[in-house]
Every structure is written in structure tokens, then in C-alpha cells.
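Here is a short briefing on one protein chain. Look through the structure first, then read the points by topic.

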Amino acid sequence: MQRSGAAGGRGCALFPLLGVLLFQGVYSLEIKADAHVRGYVGEKIKLKCTFRSTSSVTDKLTIDWTYRPPSSSRTESIFHYQSFQYPTTAGTFRDRISWVGDVYRGDASISISNPTLKDNGTFSCAVKNPPDVHHNIPVTELTVTERGFGTMLSSVALLSILVFIPSAVVVVLLLVRMGRKSAGLKKRNKSGYKKSSIEVSDDTDQEEADDCMARLCVRCAECLDSDYEETY
């Protein structure tokens, strides 16, 4: 009987421990963030963070974003939210952090204005919505680089395709039409053919259409030149 009682006591003692392990393995508040984000110097970057809570959002909900530089264990707070937005007023991110989220839609995202190479590092998003305070802590690795020549070249190439090809098609059609017209005039002149009043009117309308197409080609070429200059 004594052995049975001791065994029963040990069994009862395992239930609280098992409950703790199960509670730690299942989060009542789930947070998600992009693992890797790539940006370019001077172009606004969005750090996305979403959450899902089993409790309704109240004024007790808090959001905290922290930053850790590469090869460093030091972290700094760059944004805090509790009913209002509190971006950092010190450090390298001063006046550059903006709130772009919506807590009632489970969005805790922020953005960084005028990013530089020094902004590379690890960002963490933490959300607490009492009584849901146990959660995972996702991190986002930010990589900021300069826009290279290859990126600029691809933009120019795309712009050229969208503008130059239609212009080239119009020019080819115009040249073909003019060639056919010239060949027809030569044939008529050799045979001594005299145009009727209707044919003269048609030729005038055709000349106006050809002149319109020519002006369109010139305009397309001017647009291509101006867009190319603005790109650089």
C-alpha cells in the first residue's frame, strides 16, 4: 500500500509539469515577420510584422521593435506602440521610423525612410496583448545595398522596349506605305494615266495620314530621349 501511494504521488506531480510544457509549446499569440528583407539606399523600406491573438485587441496591447547591428549583441529600441505611436527620438533611426500597421487587423509593420548601408542588421518584432503575452519572437535580417549599374540598365532596357518597339513598327509601316505609293506613281506616269478627281482627293487624304504618322514617330522618339535622360 505504501508503494502504491508513493507511485500515485509521483504521478500527480507530473501533471503540473506536463501542463507547463504543453503551455510553452502552444502560443496563444502568434507573430510572423519576413525572415529576409532587401532594400536600396535612399528608398523607403517596409518591415512587415503580423500577429494573431486569441484575445480581443485592447488599449493594453503593446508593440516593440528592436534593432541589433551585425556582429553585435547590443540591441536598441526603435519603436514602441501602446494606443499611440512612439518612434525613437535618438540614435541612427531618429525621425526615420514610421508606423504603417493597423492593430485591429493584426498588422504591426513599420517603415524606414532614407535607409543607408549602416542600417543593415537584425530587427525583432514583439507583440503583447494581455492576457496573451506568451509568443514567439520573429526576426528580420535587413540588407541595404546601392542600386547597381545592372539595375539601372534593366530599367532603361524595359523603357526602351515599351517606347521604341511601337515607334519602330510605325516607322516600318510608314516606309512600306510610302514605297508602295512611290511604285504606283511611277507605274502610272509611265503609262500616261490621268487621275480622276476622286483619286486626287484620296491621295490628299493619304498624304495627310502619312504626315500624321510621321509626326507620331517624331513624338515617340522625343519621348524616348526624354525618358532616357531622366533615368540618368
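A residue counts as buried when its relative accessible area is under 20%, and as exposed when that area is over 50%. By that rule, both Asp119 and Arg96 are buried. Keep in mind that this is a predicted model.

**Overall build**

- The chain holds three helices and 11 strands.
- Read from the N terminus, the order of elements is α-β-β-β-β-β-β-β-β-β-β-β-α-α.
- The chain has 232 residues, and 25% of them count as buried.
- Take the contacts between residues at least 6 apart in sequence: 60% of these join residues at least 24 apart.
- The chain exposes about 15,800 Å², and carbon and sulfur atoms supply 59% of that area.

**The nonpolar core**

- In soluble globular proteins, nonpolar side chains tend to be buried together.
- Here, the largest nonpolar core has 26 residues.
- Which residues have the most contacts inside this core? They are Ile63, Trp65, Ile78, Phe123 and Val127.
- Phe123 also shows how the chain folds back on itself in sequence terms: leaving aside neighbours within four places, its contacts include Leu47, Trp65, Ile78, Phe93 and Ile112.
- Further along the sequence, Phe123 is in contact with Pro138, Val139, Thr140 and Leu142, again leaving aside neighbours within four places.

**Salt bridges**

- Side chains of opposite charge can pair when their charged atoms come close.
- How many salt bridges does the structure hold? There are six.
- One of them joins Glu43 and Arg147, with the closest N and O atoms 2.6 Å apart.
- Glu43 lies in the loop between β2 (36-40) and β3 (45-47), and Arg147 in the loop between β11 and α2 (149-191), so this pair ties together parts that are 104 residues apart in sequence.
- Glu43 is partly exposed, with a relative accessible area of 32%.
- Arg147 is partly exposed too, at 39% relative accessibility.
- Asp95 forms a salt bridge with Arg94, and their closest N and O atoms are 3.8 Å apart.
- Asp95 is exposed, with a relative accessible area of 66%.
- Asp119 forms a salt bridge with Arg96, where the closest N and O atoms are 2.9 Å apart.
- This pair links distant parts of the chain, 23 residues apart: Asp119 is in the loop between β9 (110-112) and β10, and Arg96 is in the loop between β7 (84-87) and β8 (97-99).

- Asp132 sits in the loop between β10 (121-128) and β11 (139-145).
- Is Asp132 buried or exposed? Asp132 is buried, yet it has no salt bridge.
- The nearest side chain of opposite charge to Asp132 is Arg52, 10.0 Å away.
- A salt bridge needs the nitrogen and the carboxyl oxygen within 4 Å.
- Asp132 does have a polar partner: its side chain makes a polar contact with the side chain of Ser53 (2.6 Å).
- Leaving aside neighbours within four places in sequence, Asp132 is in contact with Ser28, Leu29, Ser53, Thr54 and Ser55.
- Asp107 is in the loop between β8 and β9.
- Asp107 is buried and has no salt bridge; Lys46, the nearest side chain of opposite charge, is 4.8 Å away.
- With neighbours within four places left aside, Asp107 is in contact with Cys49, Phe51, Trp99, Val100, Gly101 and Asp102.

Definitions and conventions: Residues numbered from 1 in each chain as written. Predicted model: local features only at pLDDT ≥ 70, side-chain atom pairs only at ≥ 80, totals over all residues. Heavy atoms only, no water. Core = buried A, V, L, I, M, F, W, Y, C linked by side-chain atoms within 4.5 Å. Buried < 20%, exposed > 50% of the residue type's maximum accessible area, 1.4 Å probe, protein only. Contact = heavy atoms within 4.5 Å. Helix = DSSP H or I, 4+ residues; strand = E, 2+ residues; numbered from the N terminus. Lys, Arg positive; Asp, Glu negative; His and termini not counted. Polar contact = N/O pair within 3.5 Å; in protein donor to acceptor, adjacent residues only side chain to side chain. Areas by Shrake-Rupley, 256 points an atom, 1.4 Å probe, with all protein chains shown as cover.
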